[in-house]
Amino acid sequence: MNAPLSHYFIFTGHNSYLTGNQLSSNCSDVPIIKALKRGVRVVELDIWPNSTKDNVHVLHGRTLTTPVELIKCLGSIKEHAFSASPYPVIITLEDHLTPDLQDKVAKMLTQTFGGMLYYPKSELKEFPSPEDMKYKVIVSTKPPKEYLEAKNAQEEGDNLHKDKDSDEDEWQKEAPDVKADQQQADDESEFETSEHNQDNEESDDCELESCPLVGPVYKSLIAINAGKPKGGLKEALKVEIDKIRRLSLSEQALEKATESHSLNIVRFTQKNFLRVYPKGTRFNSSNYRPFIGWMHGAQMVAFNMQGYGKHLWLMHGMFRANGGCGYVKKPEILMNDNMVFDPKAKRDVQKTLRVKVYMGDGWHLDFKQTDFDMYSPPDFYARVGIAGVRADTVMKKTKKKEDNWNPVWNEEFTFPLTVPELALLRIEVHEYDMSEKDDFAGQTVLPVWELKQGIRAVQLHNRKGEKYSSARLLMRFEFI
């Protein structure tokens, strides 16, 4: 935990205040508390003026979400920030405030967190380590001056372009049955346009023709500067010797950027922060495949934590590593500046994992006798596979064992791995159903690089990632 903060994957939430969907759910501090208790280290807050313009609310702008007061969210962050991990919590602010309200936020931050709040006296050339930053709270947003420049650029650009990756456009104009994206002229112009609007981070809602710049207090509290560099994608990915910054891209924008700038992105993330966030059309708070961010070194792969699904299971699995502290050291292949890792390059097999699934047990204690089949014991089968780079990704399954609460499979699987440093072992159990969809019976995801060889009892989790009391598998892991 002694490397600079940018050398770590960080457990990151998206729209951390939402209780449900992105359009009409409530805003609350409750999901923030739940996320912190799970070990999430990056909390995102959208801050807007209230209706009377004299206070600050947290809400998903231009939607039907009901607001919660910022001060309440900050208080809950302070109370629960370090309940699961002593390492720093980063608050990413999407700031839509007038200068007087930005000053008010500065007072809220300093009064709420006091000595917990980390802010450097001068611009950083390299960030301190998580160990150095224990029990600290860090603010990341766009500095006020640059924010106003972005607003002016956006207003000019809006007359010329409409960005397919702009959440603002999607929330206002798109219906749930969103049509396929239109192709842009090229990735450079697409990036410039998307950076004006992305995820509402690059806009400012000051309604005055010319807003006065805020005083130094608010700006000085921003430890990780976010922002849109001028000149398109190549310029954005330049690594500067004397400063560090954060760049945000939607999942779509990142995928587009990797087509021709893959190595530049990896090189950028060796020192600077890259945040990836879900596209705006994920109205139901679903998530995306996190590996496109991880294999390019993105520290902040931002996820909607309020739902569940296979992509979120992968996120939970990644951050089981390193003691579940919310920070996972990036592998050396992503930090080698002499030979920059190419996620698209074919690689030889580096390591082979052999997994044997012996048996399962405990469902009879966690489920009712009729939960799977009304009149007979369940027919369980296990699915075992790898999530990682494309070449390593695979899923295999055992035969089903009929009418047995304690299935014995004794089946073995072999997984050759080209990038074992980024491989996660996926484990699922399902109950076979001839007439309907198979029933879910448990899952877990484990970081391959932390697997201990030998025979292990593997605890299973429900769809939301919560541990079952008893359901588990007996398995053997070995590297050959």
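Is Glu332 buried or exposed? I looked this up and found that Glu332 is exposed, at 57% relative accessibility. I use buried for under 20% relative accessible area, exposed for over 50%, and partly exposed for values in between (1.4 Å probe, protein chains only).

**Basis.** I note that this is a predicted model, in which local features need pLDDT of at least 70, side-chain atom pairs count only at pLDDT 80 or more, and totals for chains, interfaces and linings use all residues. Residues are numbered from 1 along each chain as its sequence is written, and side-chain values use heavy atoms, with hydrogens and water left out.

**Salt bridges.** I took a salt bridge as a side-chain nitrogen of Lys or Arg within 4 Å of a carboxyl oxygen of Asp or Glu. Glu332 is paired with Lys329 at 3.7 Å, N to O; Lys329 is partly exposed, at 35% relative accessibility.

I then turned to Arg426, which bridges to Glu428 with the closest N and O atoms 2.6 Å apart. Here Arg426 counts as buried at 17% relative accessibility, and Glu428 is buried at 1%.

Arg476 bridges to Glu478, with 3.3 Å between the closest N and O atoms. Glu478 is partly exposed, at 22% relative accessibility.

**Nonpolar cores.** I defined a nonpolar core as a set of buried Ala, Val, Leu, Ile, Met, Phe, Trp, Tyr and Cys residues joined through side-chain atoms within 4.5 Å. The largest core has 74 residues, and Trp294, Leu353, Trp363, Leu425, Met475 and Phe477 have the most contacts inside it. Helix α9 (residues 251–269) gives the most to this core, with six residues; helices are DSSP runs of H or I, at least four residues, numbered from the N terminus. Domain 1 (5–144 + 214–334) and domain 2 (351–479) each supply at least three residues to this core, the bounds coming from an automatic or database domain assignment.

For Met475 I listed contacts (heavy atoms within 4.5 Å). Leaving out residues up to four places away in sequence, its partners include Val355, Tyr358, Val384, Ile427 and Val458. I also recorded a second, separate core of 36 residues, which includes Phe82, Val89, Ala106 and Leu109.

**Cysteines.** How many disulfides does the structure hold? I found zero disulfides, counting a pair of cysteine sulfur atoms within 2.5 Å as one. For Cys73, the nearest cysteine sulfur is that of Cys27, 8.3 Å away. Cys73 is buried at 0% relative accessible area, and Cys325 is buried at 8% relative accessibility.

Key:
Helices (H or I, at least four residues) and strands (E, at least two) are DSSP runs, numbered from the N terminus.
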